[in-house]
Amino acid sequence: MRIKLYGRVIGIFLKKHSFINVLISLQLIAVFVIGIIMTSIIDEKASSYEAVKPLLNGEGLYCGGYFLKDNENGGLLENTDEIKTQLKDVDFISSVNFASLQTGVDTQTNEVKTAYALVYDDYSANLFRPTIEKGSWITDSKQSDDIPQAVITRNYQGYNVNDIAEFETENGTLKVRIIGVIGDNEKYLGANSEYESNEPSYQLMLSTHFNCLNDQLKNKGFTNEEIALKLESLGYSADSIVYNEPVLFFTDKEWNKTDLDSVMSDSLFYKVQPEYFR
């Protein structure tokens with residue numbers, strides 16, 4: 001009897017205060033949605049930080065390697081071995097190197113199109129592992145032959161796992177076996193040239209790539225009008241669909257099969273003796 005009575009009282013209350021109940025329900029839904037969004041953002045930031053947390057918590061430095069001056073011989077330092085000779089307190093250096101590979105000529109701008117190759121040593125290849133859309137990461141490949149193996153970002157050329165991609169270099173045509181594909185907007189380590197000065201240091205280590213420039217600009221918050229102006233400033237018509245050139249990822253072992261040079265990029269990791277900071 002009491003349960004039925006309570007039920008009737010609640011029913012009468014709901015009927016009399018239907019507007020308030022609807023408002024409360026909408027507020028609860030809004031709080032729930034905001035909670036999901038905030039949790040997602042926090043999880044994304046935390047996962048990026050956790051990957052490089054041991055490095056950032058240790059005694060070390062992170063910096064770009066483009067313009068490190070050679071104090072002994074003049075000019076610029078070209079590789080990590082040269083850095084070690086001039087920084088005596090350095091215990092360990094890891095570098096993400098890069099090189100450019102020609103993919104053809106743009107029919108609208110007549111400019112040479114260039115894909116970028118990132119070359120990882122063992123430390124950097126295992127420090128941050130991107131989310132792989134298809135295939136495997138560069139450290140997981142079981143294949144071995146004379147053709148260099150690489151992971152590639154999603155690309156308009158349609159290169160997929162087990163395909164042989166071809167690029168033009170100073171030594172002629174380079175053939176590369178694709179072992180994995182990274183999807184749009186997935187983070188990867190190194191060569192980050194677009195960042196805000198107030199970003200946390202761990203975010204400066206990470207880059208993202210989009211197959212389509214239009215999608216990349218939308219992701220950054222550009223309006224359709226702003227995208228049109230940006231495309232026109234690059235030499236395209238305002239309604240063009242423009243594709244970015246892909247990024248390729250090699251281990252230094254695989255890159256050495258190409259007989260091509262690579263240079264130090266934005267990402268250099270130093271482990272130094274504690275006395276260095278005193």
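Reply: Four residues, Y120, W137, Y188 and F249, make up one aromatic cluster. The model is a predicted one, and side-chain atom pairs count only at pLDDT 80 or more.

A pair of aromatic rings is described by two things, the distance of the centres and the angle of the planes. In the protein, the count of aromatic pairs comes to eight. Take Y188 and F249: the ring centres are 5.0 Å apart and the planes stand at 75 degrees, so this pair is edge-to-face. The angle is what decides the label, because planes over 60 degrees apart count as edge-to-face. The pair also joins distant parts of the chain. Y188 sits in strand β8 (residues 188-189), F249 in strand β10 (residues 247-251), and 61 residues separate them.

Now the cover. Y188 has a relative accessibility of 6%, so it counts as buried. F249 has 0%, so it is buried too. The cut-off behind both labels is 20% relative accessible area.

Another edge-to-face pair is F250 with W255. Here the centres are 5.0 Å apart and the planes are at 70 degrees. Both F250 and W255 are buried.

Step back to the whole chain. The protein has 278 residues, and 35% of them count as buried. Its secondary structure comes to eight helices and eleven strands. Among contacts with a separation of 6 or more, 68% are between residues 24 or more positions apart. The accessible surface is about 17,000 Å², and carbon and sulfur atoms hold 53% of that.

Next, the charged side chains. The salt bridges number five. Three residues, E133, R154 and D184, are linked in a network of them. R154 meets E133 at 2.3 Å, N to O. That pair links distant parts of the chain: E133 lies in strand β4 and R154 in the loop between β5 and β6, 21 residues apart. R154 also forms a salt bridge with D184, where the closest N and O atoms are 3.6 Å apart. D184 belongs to the loop between β7 (172-182) and β8, 30 residues from R154. R154 is partly exposed at 32% relative accessibility. E133 is partly exposed as well, at 39%.

A separate bridge joins D140 and R129, with the closest N and O atoms 2.4 Å apart. D140 is in the loop between β4 (132-135) and β5, and R129 is in the loop between α4 (122-127) and β4, so the bridge ties together parts eleven residues apart in sequence. D140 has a relative accessibility of 32%, which makes it partly exposed. R129 is partly exposed at 40%.

N211 lies in the loop between β9 (206-207) and α6 (213-219). Beyond its neighbours within four places in sequence, N211 contacts R154, N155, Y156, D184, Y243 and N244. R154 and D184 are members of the salt-bridge network. The side chain of N211 reaches the backbone nitrogen of Y156 at 2.9 Å. With 11% relative accessibility, N211 counts as buried.

Two backbone angles deserve a check. N162, in the loop between β5 (149-153) and β6 (164-169), has a phi near 80 degrees. D259 has a phi near 60 degrees. D259 lies in the loop between α8 (252-255) and β11 (263-272). Each value is positive in a residue other than glycine. D259 is exposed, with 63% relative accessibility.

Last, helix α2. V33 is one of its residues. L26, I29, F32, V33, I36 and I37 form a nonpolar patch on the surface. Together they have about 600 Å² of accessible area. V33 itself is partly exposed, at 40% relative accessibility. E50 is also in helix α2, which runs over residues 18-57. E50 is partly exposed, with a relative accessible area of 45%. E50 and F128 are 78 residues apart in sequence, and their C-alpha atoms are 9.5 Å apart.

Technical notes. Residues are numbered from 1 along each chain as its sequence is written. Side-chain values use heavy atoms; hydrogens and water are left out. Helices (H or I, at least four residues) and strands (E, at least two) are DSSP runs, numbered from the N terminus. Buried means under 20% relative accessible area, exposed over 50%, partly exposed in between (1.4 Å probe, protein chains only). Contact means heavy atoms within 4.5 Å. Accessible areas come from the Shrake-Rupley method with a 1.4 Å probe; for residues, only the protein chains shown count as cover. Rings of Phe, Tyr and Trp (its six-membered ring) pair if their centres lie within 6.5 Å; planes under 30 degrees apart count as stacked, over 60 as edge-to-face and the rest as tilted. Patches are made of residues with over 30% relative accessible area and no salt bridge: like charges are joined within 9 Å, nonpolar side chains (Val, Leu, Ile, Met, Phe, Trp, Tyr) within 5 Å. A salt bridge is a side-chain nitrogen of Lys or Arg within 4 Å of a carboxyl oxygen of Asp or Glu. A polar contact is a pair of N or O atoms within 3.5 Å; within protein, one must be able to donate a hydrogen and the other to accept it, and residues adjacent in sequence count only if both atoms are side-chain atoms.
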